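Have the structure open while reading.

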Amino acid sequence: MGKRIRTLIIDAALGAAVAAFLFRLAADRGNREPLRLLEKRNQPRSFGKNSPEKADQEVYVPASITPVLAAPVHRAARTIKLRTLAILATLGAIGAAAFVYFGVYNVAATEQHTALVYHLLHYAMKRSVSVRADKVNVPDLSSPDHGRKGFILYREHCLQCHGAPGVAPEPAALGLRPEPLDLAERAGKEWRPAEIYRVIKHGIKPTGMPAWEFRLSEEDLWNLTAFVKLLPTISPNEYKDRDQAEPPAKPAGMTRSVAAGPGDAKAGKYAMQQYLCTTCHSIPGVTGADKTVGPPLGGIANRMYIGGVLVNTPANMIRWLRNPQEVDPQSAMPNLRIKEQDIRDIAAFLYTLDDQSGK
Amino acid sequence: MRICPLLPALCLLLGMVGCAKTPPVQVAGGDAQRGTSAIARYGCTGCHTVPGVSGPGSNVGPPLAMIAKRTYVGGILANTPDNMVRWLRDPPGVDPRTAMPNMGVTEADARDIAAFLYTLQ
């Protein structure tokens with residue numbers, strides 16, 4: 001199928017779906033009985049002509065255009081209506097399944113989304129962030145110190161993909177779709193600090209934007225936010241000056257050293273997904289964690305050995321999570337630089353996985 | 001009901017998505033059938049839960065379900081038939097830290113056991 005035709009079909013289908021949804025929404029608002037798209041009315045005698053079968057035939061007219069003629073809803077009309085809906089829903093499901101199975105949509109990053117998909121996704125992303133940002137308490141970011149610290153972090157962690165005034169992103173980032181935005185334009189001018197903070201902290205799922213929650217301290221998340229808001233005011237020359245004046249940043253993930261308390265299993269389940277445990281292990285109750293690089297973690301709570309080398313005690317679990325290769329230099333499991341509190345939380349979660357069958 | 005003809009069509013389409021099973025990796029000289037009895041003989045089920053071989057459901061080492069798909073053997077070797085046989089014959093010889101003991105598995109038995117393990121996918 002030609003790219004143009006495919007693009008056209010996708011946009012048309014999506015457009016039709018959106019239009020149908022909006023139409024239904026409007027119908028719901030304007031009509032107290034939204035399900036009543038068609039009204040049955042009695043067959044006028046003259047319409048029957050001479051055919052005996054046709055005399056009993058029922059005639060359906062759109063309810064919206066015949067408000068005066070609209071009779072009370074008959075049971076038969078409602079049945080037909082529901083059946084039509086069921087058929088349409090089934091056809092829709094088959095169409096969607098075929099769309100997926102035949103790989104109609106091209107996920108290649110060398111091909112941009114179709115215009116409608118692009119704008120719909122971008123709008124949905126913006127709304128999703130905006131709605132959640134309303135609950136964020138924004139600290140005072142006016143001190144130049146925030147921007148200065150934020151610059152050091154930006155140069156260390158953001159520049160690679162987003163570039164900076166007069167500085168291009170690194171080669172790998174050029175191939176990203178959706179493309180990493182120039183933050184001076186969209187984020188710096190249009191986005192609220194709370195929204196920028198949320199995006200930095202939690203990332204954006206179907207894009208290359210990672211979550212920094214487990215890599216940067218709360219304070220640094222805000223410093224970065226402050227700098228992004230400053231970006232539109234910084235000229236390429238000023239950026240160069242800052243670049244020469246400021247020292248390099250400390251490596252991410254090492255900046256927060258909170259004294260570790262007892263582990264919290266719920267926090268551990270959340271944390272372990274941010275250390276990509278899911279890319280190697282199958283973990284009961286975690287979507288996408290069905291991998292077989294390492295052993296399954298179902299039943300890890302009462303497995304006798306950890307990593308096949310350490311007797312399974314909470315202290316050893318913590319030791320293993322801290323640096324597996326220090327315990328067994330040959331282990332394929334790398335040091336994920338998990339922070340102390342996260343280690344304890346993850347260990348607490350692992351000790352809830354007591355069923356080997358993986359349920 | 002008018003929707004009836006559509007449902008089988010949907011089922012058929014979804015059925016097409018179902019995964020096709022790949023044939024197990026071949027181990028030279030190994031026989032999966034003989035491997036099952038070798039597993040019972042060497043007491044592998046004393047530490048591992050092995051699908052298809054009855055045992056107490058041990059959880060000393062990791063379960064061997066889907067071991068054919070596992071990327072690493074013993075967490076340290078790339079999962080190839082040769083490495084699997086090497087591991088089965090003498091785990092501490094490969095990794096001195098491992099808790100898995102040398103069970104005195106012969107080369108022929110190791111090949112049979114490996115052949116069986118590659119059916120667990």
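Between chain A and chain B there are zero salt bridges (a side-chain nitrogen of Lys or Arg within 4 Å of a carboxyl oxygen of Asp or Glu). This is a predicted model, in which local features need pLDDT of at least 70 and side-chain atom pairs count only at pLDDT 80 or more, while totals for chains, interfaces and linings use all residues. Residues are numbered from 1 along each chain as its sequence is written, chains are lettered from A and ligands numbered from 1 in the order written, and side-chain values use heavy atoms, leaving out hydrogens and water.

**Interface of chain A and chain B**
- The rule finds 15 residue pairs in polar contact across the interface, both residues at pLDDT 80 or more (N or O atoms within 3.5 Å, one able to donate a hydrogen and the other to accept it; residues adjacent in sequence count only if both atoms are side-chain atoms).
- Helix H3 (residues 75-101) of chain A gives the largest share of the side of chain A that touches chain B, ten residues (helices are DSSP runs of H or I, at least four residues, numbered from the N terminus).
- That side of chain A divides into 17 nonpolar, nine polar and three charged residues (Ala, Val, Leu, Ile, Met, Phe, Trp, Tyr, Cys and Pro are nonpolar; Asp, Glu, Lys and Arg charged; the others, Gly among them, polar).

**Two helices in chain B**
- The axes of helix H2 (residues 32-42) and helix H5 (residues 107-117) of chain B come within 7 Å and cross at roughly 110 degrees (lines fitted to C-alpha atoms over the stretch in contact, with angles from 0 to 180 degrees between N-to-C directions).
- H2(B) and H5(B) are therefore roughly perpendicular to each other (65 to 115 degrees).
- The residues of their contact divide into eight nonpolar, two polar and four charged (contact means heavy atoms within 4.5 Å).

Note on methods: Parallel < 35°, antiparallel > 145°, perpendicular 65-115°, else oblique.
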